[in-house]
Amino acid sequence: MIVCDKCKLDQNRCNGAPDFVIEIVSIGNPSDDYIRKLYHYKNHGVREYWIVDPRHQTVSVNYFEGNLSAVEYPFDSTIKVNIFDDLYINFGEIAAQLN
């Protein structure tokens, strides 16, 4: 999931860095999400990057504006999206729907 500020959107894409990115860890290449993408997102203007790891049932939150890196939550958590005042994602509900 990628969230962009309205002014960055046109009819085809998000121009510039998205504000918020959620990645599901690739089973075949997890270092791509935890290392390469983390580096690029942090250095190219993404404000917040979450890494969802279904195998370990964790969500790692990287809030670059607040200098919070890799705060890890279990799947049964409700997690606040730091860049928005009133947005929370309940991973307990998501995990229950997947099982």
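Biologist: Is phenylalanine 91 buried or exposed in this model?

Modeller: The model is a predicted one, and in it phenylalanine 91 has a relative accessibility of 7%. Since a residue is called buried when this value is under 20%, phenylalanine 91 counts as buried.

Biologist: Which residues beyond its neighbours in sequence are in contact with phenylalanine 91?

Modeller: If we leave aside the neighbours within four places in sequence, phenylalanine 91 still has contacts with residues elsewhere in the chain. Taken together, the partners of phenylalanine 91 are Trp50, Val52, Val59, Phe75, Ser77 and Ile79.

Biologist: How many aromatic pairs does the structure hold, and what is the geometry of the one formed by phenylalanine 20 and tryptophan 50?

Modeller: The structure holds four aromatic pairs. In the pair formed by phenylalanine 20 and tryptophan 50, the distance from centre to centre is 5.2 Å and the angle between the planes is 85°. Because planes over 60 degrees apart count as edge-to-face, the pair of phenylalanine 20 and tryptophan 50 is edge-to-face.

Biologist: How many residues apart are phenylalanine 20 and tryptophan 50, the two members of that pair?

Modeller: Phenylalanine 20 counts as buried at 0% relative accessibility, and tryptophan 50 likewise counts as buried at 0%. Phenylalanine 20 belongs to strand 2 and tryptophan 50 to strand 3, so that the pair links distant parts of the chain, and the separation is 30 residues.

Biologist: Are the rings of phenylalanine 75 and phenylalanine 91 stacked or edge-to-face?

Modeller: The centres of these two rings lie 6.2 Å apart, with their planes at 25°. Phenylalanine 75 is in the loop between strand 5 (68-74) and strand 6 (78-80), while phenylalanine 91 is in helix 2, so the pair ties together parts that are 16 residues apart in sequence. Phenylalanine 75, at 12% relative accessibility, counts as buried. Because planes under 30 degrees apart count as stacked, the pair of phenylalanine 75 and phenylalanine 91 is stacked.

Biologist: Which residues form one aromatic cluster?

Modeller: Phenylalanine 20 pairs with tryptophan 50, and phenylalanine 75 pairs with phenylalanine 91. The one aromatic cluster is formed by Phe20, Trp50, Phe75 and Phe91.

Biologist: Which element gives the largest share of the lining of the largest pocket?

Modeller: The largest pocket has a volume of about 180 Å³, and its lining consists of eleven residues, of which Ile22, Ile24, Val52, Phe91 and Ile94 lie nearest its centre. Strand 2 and helix 2 are the elements that give two or more residues to this lining. The largest share, four residues, comes from helix 2.

Biologist: In what order do the elements of the chain run from the N terminus on?

Modeller: The chain has two helices and seven strands, and 35% of its 99 residues count as buried. From the N terminus on, the order of the elements is β-β-α-β-β-β-β-β-α.

Note on methods. Residues are numbered from 1 along each chain as its sequence is written. This is a predicted model: local features need pLDDT of at least 70, side-chain atom pairs count only at pLDDT 80 or more; totals for chains, interfaces and linings use all residues. Side-chain values use heavy atoms; hydrogens and water are left out. Contact means heavy atoms within 4.5 Å. Rings of Phe, Tyr and Trp (its six-membered ring) pair if their centres lie within 6.5 Å; planes under 30 degrees apart count as stacked, over 60 as edge-to-face and the rest as tilted. Buried means under 20% relative accessible area, exposed over 50%, partly exposed in between (1.4 Å probe, protein chains only). On a 1 Å grid over the protein atoms alone, a cavity is a set of points where a 1.4 Å probe fits but cannot get out, and a pocket is an open set with protein on both sides within 12 Å along at least five of seven lines; lining residues have an atom within 4 Å of a point. Grid points are joined across faces, edges and corners, and a volume is the space filled by probe spheres set on the points.
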